[in-house]
Amino acid sequence: MINVAIIIGSTRPGRNGEAVARWVHDLAATRDDARFELVDLKDFGLPHLDEAMPPAMGRYELPHTRKWADKISSFDAYVFITPEYNHSTSGVLKNAIDFLYAEWHNKAAGFVGYGTLGGARAVEHLRLIMGELKVAGVSSQVALSLATDFENFSALKPAAHQERAVCAMLDEVIAWGGALKALRDGTRPPGLDARI
Ligand SMILES: Cc1cc2nc3c(=O)[nH]c(=O)nc-3n(C[C@H](O)[C@H](O)[C@H](O)COP(=O)(O)O)c2cc1C
């Protein structure tokens, strides 16, 4: 069974992200085909990237980087809960992603966006970032509208169809997260380029 992190991509006081993440986690916890854990960036207190060596070198010197790397490397797949800030994901989530490199490789990811247009533009940016980090983003995604899935833009009240969207996204994350295990543990399918 694979381990899936549900990452809260906002640390703002009064954030909507925490309620969204808890809702996704509650739905995920009813499943028995994967283990799920909420990962809150607030618990890691990462400063702006302050490692001297690029993350691709894998030479982390600072305790906060090592703690974050240990947490992220323990998962097979991720669900990113992302707000939309100025048509992109949050700076705090981008910074947390940038801290690491190999820990993300050959994993799967699903996306839950929220904003006036369901966080769609934030998720598109996140997909590009994930591509560079060898994370396979699944196509089914959850797009929560601040206008119709929240009351007063702040109390999460998702429309009924959104539960089905979460379920479809998780189905794909679990399938792809499992399928990529061969790359993670080095047992590549025959014919796959050994340089990957
Ligand atoms: C700095 C900032 C920029 C924002 N820009 C956008 C935007 O471009 N598009 C959008 O749909 N919502 C935008 N919003 C609204 C957020 O999507 C909304 O406030 C959401 O609840 C933010 O997530 P959070 O509450 O978890 O921090 C912005 C909010 C902030 C704080």
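Which residue has a polar backbone atom 2.7 Å from an oxygen atom of the ligand? In this predicted model, that residue is Asn-16.

| Residue | Atom of the residue | Distance to an oxygen atom of the ligand |
|---|---|---|
| Tyr-85 | polar side-chain atom | 2.6 Å |
| Asn-16 | polar backbone atom | 2.7 Å |
| His-87 | backbone N or O atom | 2.9 Å |

On its own, the ligand has 620 Å² of accessible area, and the protein covers 75% of this area. As for its location, the ligand sits in the largest pocket.

A further topic is the pairing of aromatic rings. The count comes to 8 aromatic pairs. One of them joins Phe-80 and Trp-104, whose ring centres are 6.0 Å apart. The planes of these two rings stand at 40 degrees, which lies between the limits of 30 degrees for stacked and 60 for edge-to-face pairs, so the pair is tilted. Phe-80 is part of strand β3 (residues 77–83), whereas Trp-104 lies in the loop between α3 (91–98) and β4 (107–115). The pair therefore ties together parts that are 24 residues apart in sequence.

Key:
Residues numbered from 1 in each chain as written. Predicted model: local features only at pLDDT ≥ 70, side-chain atom pairs only at ≥ 80, totals over all residues. Heavy atoms only, no water. Polar contact = N/O pair within 3.5 Å; in protein donor to acceptor, adjacent residues only side chain to side chain. Areas by Shrake-Rupley, 256 points an atom, 1.4 Å probe, with all protein chains shown as cover. 1 Å grid on protein atoms, 1.4 Å probe; cavity = no way out; pocket = protein on both sides within 12 Å on 5 of 7 lines; lining within 4 Å. Sits in = over half its atoms within 2 Å of the grid points. Phe/Tyr/Trp six-rings, centres within 6.5 Å; stacked < 30°, edge-to-face > 60°. Helix = DSSP H or I, 4+ residues; strand = E, 2+ residues; numbered from the N terminus.
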